[in-house]
Amino acid sequence: MNRSPRRTPPVAALRRALATWLAAFALVAGAGAVRAQDTPSEIRIGATVSLSGPYQGIVGPFGKLASAWAERVNAKGGIFLKQYNKTLPVKLVMYDDKSEPTTALSFYERLATVDKVDLFIGPFSSGMNNAAMQAALTHQIPYFIPEGNDAVLFDTPNPWRATATAQADAEYQRLSELYARLKGVKTFAILARDNLHEIAAAQGFANRLKQSGYQIVYQDVAPKETKDFASIILKIKQANPDVVSVEGLAPPWTIQFLKQARELGLAPKDVVVSHMPVPVIRALGDASENVIAMLWSYEGDTPDHRELDELCKAAGIERWQYSEAGVRFVTYRWIEEALKRAGTLEHEAVRKAMFEADFTLYGGDRVRINEKGYGSLMTYPMQVRQGRLVSLWPLEHGLAAHAFKDGRW
Amino acid sequence: MDIQSVLQLVINGILGGGVYALAALGLALIFGVSGVLNLAHGEFLMLCGFVTFLGYDRLGINPFLLVFLIPPVFFALGYGFERILIRPLALRKEHVRLASATLVTLGAALIFEDVASFASAGTEFDKSIGYFIGSLTVGSVVLPSLKLIIFGLVLLLMAQLAWFLKYTYVGLAVQAVTQNARGAQLSGVNTATINGVAFGLGTFLAAAAGALEVIHSSVSPLVGLPLTLKYLCIIVMGGLGSFAGVALGGLIIGLSESIVGYFTPAWGQTVAYLLLVGVLLVRPKGLLGR
Amino acid sequence: MRLRAFLLPGAVLLFVLGLPLVPFDARVYVMQELTLLFLYAGLAQSYDLVGGTLGYINLGHIVFFGLGAYTVGILFNVGVPLAAGLLAAIAVAAAFAAVVSIPFFRLRGAYFSLATFALVKLMEQIANNLRGLTGGSSGLKILAENRVVPTYYAMFGLLIVAVVTTLAINRSRLGLGMKSIREDEAVARDFGVPTMRIKAQALMISSAFPAVLGGLFVWYINFINPAEVFGLKMALQPVAMAMLGGSGLAIGPLLGSTFLYGLEEFIWTRFEHLHGAMLGLIVVLVGLFMPGGLARLRPVERLLERLGLKEDDQ
């Protein structure tokens with residue numbers, strides 16, 4: 001069965017192909033010609049949130065939190081930008097980064113080139129920001145880091161990114177001050193998850209404890225995929241520490257460690273778990289009682305406190321349940337301040353305003369960004385009481401309120 | 001390091017290796033009989049863990065009960081899986097069959113993984129029951145009661161499997177096909193059905209392992225593929241075609257992870273792969289392989 | 001007939017080369033997409049030298065990619081320019097290939113595949129643990145810059161080289177040797193084919209491409225970590241693409257990668273959820289109904305013949 005095609009001489013065929021392609025080009029170019037817009041009609045903010053993967057348990061609700069904020073802003077019409085003499089609404093473009101740095105980066109690239117956003121809110125954690133902020137530098141778009149405060153992010157120059165929190169090394173600052181004054185413990189064991197942030201934060205804690213005269217009898221790093229901590233727990237037990245400190249951003253990892261520690265009879269005087277979002281508290285149940293944690297916000301009654309509580313409520317959570325909600329709140333406020341100050345959506349102007357931001361929250365906490373890009377927010381020590389996190393701050397109050405876990409799981 | 005600590009590490013390793021061995025045995029059955037590297041094996045483990053968790057979390061059913069109720073359903077699922085996806089490939093040339101089976105099982109694994117991820121949206125991503133029922137303490141060696149029970153169940157299942165393979169017609173047929181498919185066929189064994197049975201059985205074991213895993217540890221939608229590859233490494237290390245080799249492989253991996261994990265947690269996770277490469281370089285057919 | 005074979009490739013060449021010169025709205029995005037396509041196609045093509053022509057399913061192909069990426073990244077951070085870094089990457093990969101081929105090629109079939117896969121996991125762990133050199137699990141960064149256009153051309157160029165290499169090998173004695181090993185290694189050996197040498201050569205040649213691709217990748221994306229460059233997805237994707245398109249044919253990996261990648265993009269933009277599941281379904285269907293891959297489907301074979309691109313299928 002032979003269907004002989006109409007044979008055209010090769011040269012003519014080539015010419016035809018060339019003509020077709022040139023026509024295709026012209027069509028594409030014409031159809032996609034850049035249409036310049038004089039005034040923008042909205043403020044496009046691009047972000048990714050970890051809606052799946054290990055970080056879902058710690059920042060999962062923050063997509064809703066951002067939407068709640070945008071709704072609130074738009075309810076007032078939006079943000080007034082002087083250059084256009086208009087109040088522009090906020091439009092969020094968000095994707096799920098699946099808790100993976102490289103996925104996050106590809107989404108930020110997409111946000112820059114396809115969604116053409118005006119500014120970025122970074123993903124969760126230094127590890128992911130380390131990857132994703134490359135897009136900010138490549139495409140020169142202002143990048144507001146919500147949680148990401150490790151030296152690696154700020155030691156290499158990148159004028160397009162900044163964060164409102166103080167550096168990771170200082171994350172345990174206030175907790176260290178508490179322990180510096182607390183009597184009854186001498187030795188610490190510190191376990192960190194093998195990840196950028198946890199390693200640096202844990203080291204910061206260790207340094208401060210040593211300065212206060214404490215002895216670190218165990219300090220190690222466990223891989224992210226660790227599910228069986230039995231060997232590690234054995235080693236910690238052998239070191240016989242008074243306090244066991246666990247630094248981990250991923251709830252599944254933290255939960256497994258704590259459950260197994262309980263099972264295997266690791267019963268120190270105090271247990272410090274830097275991040276205790278409500279999934280971890282729930283997983284442990286009553287065993288979570290008196291665990292020491294840190295939170296990026298604290299109880300209070302100022303208008304800002306109330307606004308934070310309302311945003312959380314709109315996202316279906318409570319303020320203390322997801323520590324970083326406090327940071328997100330500050331980041332949203334920071335974006336509002338920067339945009340108002342810049343008065344325009346032009347990238348360079350917004351970038352400058354991002355660094356020049358200077359505002360106060362909660363009736364007293366001043367937020368400023370230094371030249372390197374670090375902010376000034378710090379954590380507050382907390383303790384789990386009956387399934388909720390209560391404040392161990394200010395220092396005197398914390399010293400009085402603190403109760404030892406004394407090995408009671 | 002004193003003797004009690006060594007004992008603790010060894011016991012931890014054995015307890016940990018048990019669940020590995022169970023799931024790996026399932027995969028070995030499938031490979032031994034049908035010659036297919038079922039890349040979706042770990043997904044069945046994950047799915048059963050998922051279902052077990054839901055049964056416990058939403059319906060309040062005792063998960064140990066679920067360990068007995070749910071895996072049999074997965075036998076049927078495994079059998080059906082073979083029937084629908086693998087049997088059509090039977091008549092292809094060896095090389096082509098391997099490639100097709102790889103694609104088919106890989107595709108299935110991706111489907112299961114994604115559907116499970118999607119179904120987890122908004123709820124906890126990692127599912128874990130993790131009862132606390134105390135521990136037995138002998139000297140300074142701590143034996144978590146939950147892990148002991150799980151290990152006991154693993155041994156029970158393995159004993160049942162051994163009994164099945166040695167004392168039932170179907171079991172003997174499975175062994176026969178594993179040793180020599182053509183020979184078994186000539187002896188009157190319906191290899192097509194036995195392939196299905198092997199898949200069903202293997203999937204049953206994976207499901208049981210998944211239920212046990214979610215009870216004492218955790219299961220997330222993404223564990224499937226990495227676990228499958230780890231089990232494949234275990235059975236290749238133990239020697240394809242040797243069930244004892246697989247059990248041995250699982251044990252060795254469990255022990256190594258425990259001991260290495262004590263000295264350097266970082267390498268504890270990869271010791272399985274290191275061992276595989278090491279063993280294969282010395283014994284190209286695996287420890288007890290034919 | 002000879003000239004006709006160049007029609008489609010010529011048209012594609014023109015299109016790809018000319019694209020960056022045409023100003024249109026989504027230009028950068030399309031270039032980025034195509035760059036990644038060239039990357040995956042190049043990986044699939046070079047994988048198939050060992051997986052298809054030689055017949056050893058090398059799940060460890062990506063090891064060379066990671067090695068190349070880290071070599072170039074580390075050297076770049078101490079001031080070594082890209083070109084020199086890429087040469088170093090090729091050298092590192094070739095050396096690694098030579099060393100591992102001796103013990104690994106003693107294994108057969110599933111043993112070989114799983115051992116090579118275990119090698120990937122091992123490299124991932126080593127990269128994780130050598131924090132000082134590679135940045136560990138936190139990853140390696142190089143100074144970020146917009147390198148979209150040069151990478152686009154470089155990846156495309158490399159893909160062309162990979163295809164030409166495959167075609168050249170297929171016509172050469174080396175290729176003949178490789179195929180004889182694939183068909184029946186014992187018989188080939190009995191006939192005096194130097195199997196160990198040929199296998200090593202095949203692996204070394206195939207290792208050069210992912211090494212360079214890896215180097216270009218880190219240069220382009222400005223950030224890598226062990227989980228990505230030694231990861232499951234990166235490792236299995238070229239294999240799936242080659243098998244899907246038609247392992248053993250020069251055009252197979254090209255078809256497979258274009259098809260799979262295009263499908264991914266399509267699904268990604270049209271549907272909000274369950275992308276992985278849809279892709280998985282396609283892969284299952286291809287495995288069930290297209291043994292031998294897309295390139296060996298009757299209608300596709302006929303189309304290829306009309307375009308003058310059909311090869312001898314052994």
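Predicted model: local features only at pLDDT ≥ 70, side-chain atom pairs only at ≥ 80, totals over all residues.
Strand 1 of chain A and strand 5 of chain A, the latter made of residues 119-121, pair in the parallel sense over three bridges. Is strand 1 of chain A, then, mostly covered or mostly open? Six of the seven residues of strand 1 of chain A are buried, so the strand is described as mostly covered.

In the loop between helix 4, residues 101-113, and strand 5 of chain A we find Lys116(A), whose phi is near 50 degrees, a positive value in a residue other than glycine. In the loop between strand 5 and helix 5 of chain A we find Ser125(A), and the phi of Ser125(A), again positive in a residue other than glycine, is near 85 degrees. How do their surroundings come out? Lys116(A) counts as partly exposed because it has 14 C-beta neighbours inside 10 Å, while Ser125(A), with 28 C-beta neighbours inside 10 Å, counts as buried.

Strand 15 of chain A, residues 380-385, and strand 16 of chain A, residues 388-391, pair in the antiparallel sense over four bridges, and Arg385(A) has Arg388(A) of strand 16 as its bridge partner. Two residues lie between these strands, and one residue in the turn, Gln386(A), has a positive phi of about 50 degrees.

Now the division of chain A. Chain A is divided into domain 1, residues 43-165 + 299-378, and domain 2, residues 170-295 + 381-401. The centres of these two domains, taken over C-alpha atoms, are separated by 28 Å. Their contact takes 18 residues from domain 1 of chain A and 20 residues from domain 2 of chain A. On the side of domain 1 of chain A that touches domain 2 of chain A, the elements that give two or more residues are helix 2, helix 5 (126-139) and helix 6 (151-155) of chain A. Which of them gives the largest share? Helix 5 of chain A does, with three residues. By class, that side of domain 1 of chain A has eight nonpolar, eight polar and two charged residues.

A word on confidence: chain A averages a pLDDT of 89, and 91% of the residues score at least 70. Over residues 29-36 of chain A, however, pLDDT stays under 50, and for this stretch the model has nine contacts beyond four places in sequence, which I would read with caution.

Turning to the contacts between chains, I begin with the one between chain A and chain B, which takes 30 residues from chain A and 28 residues from chain B. On the chain A side, the elements that give two or more residues are helix 2 (56-59), strand 9 (215-222), helix 9 (230-239), helix 10 (251-263) and helix 11 (278-284) of chain A. The residues of that side divide into twelve nonpolar, nine polar and nine charged.

The contact between chain C and chain B takes 36 residues from chain C and 38 residues from chain B. Helix 5 (109-129), helix 12 (232-245) and helix 14 (275-289) of chain C each supply at least two residues of the side of chain C that touches chain B, and helix 5 of chain C gives the most, with twelve residues. That side of chain C divides into 24 nonpolar, ten polar and two charged residues.

Finally, chain B itself, whose secondary structure comes to 13 helices and two strands. Its radius of gyration is 19 Å, close to the 19 Å that the globule rule gives for 290 residues, so chain B is as compact as a globular protein of that length. Of the 290 residues of chain B, 60% count as buried.

Conventions
Residues numbered from 1 in each chain as written. Chains lettered and ligands numbered in written order. Contact = placed C-beta atoms within 7 Å. Nonpolar A, V, L, I, M, F, W, Y, C, P; charged D, E, K, R; others polar. Domains from an automatic or database assignment. Rg over C-alpha atoms; globule rule 2.2 N^0.38 Å. Buried ≥ 20, exposed ≤ 12 C-beta atoms within 10 Å, placed from the backbone. pLDDT = per-residue confidence, 0-100. Pairing = 2+ DSSP bridges.
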